[in-house]
Amino acid sequence: MSSIDVKNIAYLARIAMPPQELADTEQKLQQIFALIDHLQAQDTRNIEPMAHPLALAQRSLPDVVTESDQRDKFQALAPATELGCYLVPIVIE
Amino acid sequence: MSTNNDWEAVIGLEVHVQLATKAKIFSGASTQYGAEPNRQACAVDLGFPGVLPVLNREVVTMAIRLGLGINAQIAPRSIFARKNYFYPDLPKGYQITQFELPIVQQGHLPIVMDDGRELSIGITRAHLEEDAGKSLHEAFHQMTGIDLNRAGVPLLEIVSEPELRSSAEAVAYLKTLHALVCYLEICDGNLQEGSFRCDANVSVRKKGDPKLGTRTETKNVNSFRFVERAIDYEIARQIQVLESGGKIIQETRLYDAEKNETRSMRSKENANDYRYFPDPDLLPLEVSPEWIAEVAKDLPELPWQKRQRFEKEYALSAYDANVLSSQKTLGHYFEETVKASQASAKLCANWVMGDLLAALNKNNLALDNSPISAKSLGELLTQIANETISGKIAKTVFELMWTSKTSAKEIIDREGLVQNNDTGALEKIIDSILSDNPKQLAEYREGKDRLFGYFVGEVMKQTRGKANPNQVNTILKEKLSAE
């Protein structure tokens, strides 16, 4: 794994990564990858994949509207709102 | 130099169907369209700390209905995953979706082309997920407004195999799928409000080449006409790029309806790594055979079943049957008209598909709001069938019914429109017309056949359209051929 990969991963994860931290992060990631390699070396062919640690199935609720409008309370926490919308710095792709 | 005929398009479609539930997929907030911004976004939809999603049972039932409708496998166990990406209209920083184990797998959708060709298009998968919110760029100065009413609205993403070979096939597929989700009552089918959205994956390759070309994805095209144009544009663009020695870049493109072109939105080369993983907040979804059997019990007649029945039961052409079964309400209206009328099913089909749909279109009305009920139309058509009025007069009566909401019979009586079936009277009128027009008569007899129409016109003028057209034709022919 090269430092370019670390930069790319940092970009994808939207994490600011100063150049001086690249080497250290790379080393830590190498250790994590070593652990992954160790895990992958195990033979799991006869083991059922576990999607969740609890041996339970998802519960469900009937299709009923139970929530009331609490916009004012939620928006009291927001840095900026206008016309009922939350405002964020301009995003256009 | 190769031509377009040397190329083959390969098209796969991803359709986001908004499920017609009252509440959201993982919260109890309302999904009703058109509310003020953020009035229907609760703490779960906003991704507040400490909240947990709970699955809406109806969403699963609707996915099962779709699965049964396309004859697919319904997974006894499926998993919800987190798809991670950053965007302000996704407050949690991830979308809950299904990745490796979707609820519906490997189905088929039968489609019919206008030329009568029947195809069966494979459906790879359909999975449940939540919608994101909406970013509004226009109303705010140098800022973007976020409305999270749509966040958490349930979607079923239906992914076809890349088996479509033209924009016409893609549109036929979409129309059939649209009809299906409306028949199943799992979606309101409203394209303008975004309840049925389509992304088109398009690539081209030389005919006979087993390898797929590089594809592009055209996003969010929300009308059948635009899908057709966007795909046609994209096929032509890719052929042009390849023929001039270029390469297709795998990317997401956006269709601009005003300019009728697609343009690059973002390249997949630096694609997001969505870092999918099973959502620890949600347990595996288990669907029992009993649940599937219960849903199967009240599955309605499907569009293609109705089409086949219409062809058989009413002796309609494949085209008529296809149009009339394209919407559940239209099929129902047609059958109610037939029931209420002594006219043939074919005459009913012609009027429903012709005059009725044209009038609705012209007045921008949905069938449910038609001023003329199926029963009233049926009564009008009975008047044609029993020769009380001619087809031509019926059009006038139809217009009066449309505006006055009065019955056909009342209008015919009030306006004195009853067809004149008195042969003796008609003969007298025809005799006098022939003797008043000696020049035309002579010309006709010299071989100017098209003057026949002139005489019919004169008869209709004098009888104010009330003469029985069949009688007019028969008597005129007799008189004109007799020297």
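In which sense do strand 7 and strand 8 of chain B pair, and over how many bridges? The model here is predicted. In it, strand 7 spans residues 104-112 of chain B, and strand 8 spans residues 118-130 of chain B. The two pair in the antiparallel sense, over 8 bridges. B:Val104 stands opposite B:Ala126 in strand 8 of chain B. Now follow the chain from one strand to the next. Strand 7 and strand 8 of chain B form a hairpin, with 5 residues between them. In the turn sits B:Gly116, which has a positive phi of about 90 degrees.

Strand 8 of chain B has another partner. Strand 11 (residues 154-160) of chain B pairs with strand 8 of chain B over 7 bridges, again in the antiparallel sense. B:Ile123 has B:Ser160, in strand 11 of chain B, as its bridge partner.

B:Asp131 lies in the loop between strand 8 and strand 9 (134-136) of chain B. B:Asp131 forms a salt bridge with B:Arg150, and the closest N and O atoms are 3.3 Å apart. B:Arg150 lies in the loop between strand 10 (143-147) and strand 11 of chain B. The pair links distant parts of the chain, 19 residues apart. Is B:Asp131 buried or exposed? B:Asp131 has a relative accessible area of 7%, so it counts as buried. B:Arg150 is partly exposed, because its relative accessibility is 26%.

How many salt bridges does the whole structure hold? A search over all chains finds 39. One of them joins B:Glu286 and B:Arg77, with the closest N and O atoms 3.6 Å apart. B:Glu286 lies in strand 17 (residues 285-286) of chain B and B:Arg77 in strand 4 (residues 77-78) of chain B, so the pair ties together parts that are 209 residues apart in sequence. B:Glu286 is partly exposed, at 42% relative accessibility. B:Arg77 is also partly exposed, with a relative accessible area of 31%.

Now turn to a helix. B:Lys439 and B:Glu443 meet through their side chains in a salt bridge of 3.8 Å, N to O. Both lie in helix 13 (residues 438-445) of chain B. They are 4 residues apart, about one turn of the helix. B:Lys439 counts as exposed, because its relative accessibility is 58%. B:Glu443 is partly exposed, at 23% relative accessible area. Salt bridges can also share partners. In this way B:Glu301, B:Lys306, B:Arg309, B:Glu313 and B:Glu335 are joined into one network.

Next comes the interface. Chain A gives 38 residues to the contact, and chain B gives 50 residues. Together, chain A and chain B bury about 3900 Å² between them. Of this area, 60% is on carbon and sulfur atoms. How many salt bridges are counted between chain A and chain B? The count is 2. A:Asp69 forms a salt bridge with B:Arg39, and the closest N and O atoms are 2.9 Å apart.

Finish on the surface of chain A. Which residues form a nonpolar patch there? A:Ile32, A:Phe33 and A:Ile36 do, with about 250 Å² of accessible area together. A:Ile36 lies in helix 2 (residues 19-40) of chain A. Its relative accessibility is 34%, so A:Ile36 counts as partly exposed.

Methods
Residues are numbered from 1 along each chain as its sequence is written. Chains are lettered from A and ligands numbered from 1 in the order in which they are written. This is a predicted model: local features need pLDDT of at least 70, side-chain atom pairs count only at pLDDT 80 or more; totals for chains, interfaces and linings use all residues. Side-chain values use heavy atoms; hydrogens and water are left out. Two strands pair if DSSP finds at least two bridges between them. Patches are made of residues with over 30% relative accessible area and no salt bridge: like charges are joined within 9 Å, nonpolar side chains (Val, Leu, Ile, Met, Phe, Trp, Tyr) within 5 Å. Accessible areas come from the Shrake-Rupley method with a 1.4 Å probe; for residues, only the protein chains shown count as cover. A salt bridge is a side-chain nitrogen of Lys or Arg within 4 Å of a carboxyl oxygen of Asp or Glu. Buried means under 20% relative accessible area, exposed over 50%, partly exposed in between (1.4 Å probe, protein chains only). Contact means heavy atoms within 4.5 Å. Buried area is the accessible area (1.4 Å probe) that two parts lose on being put together, summed over both.
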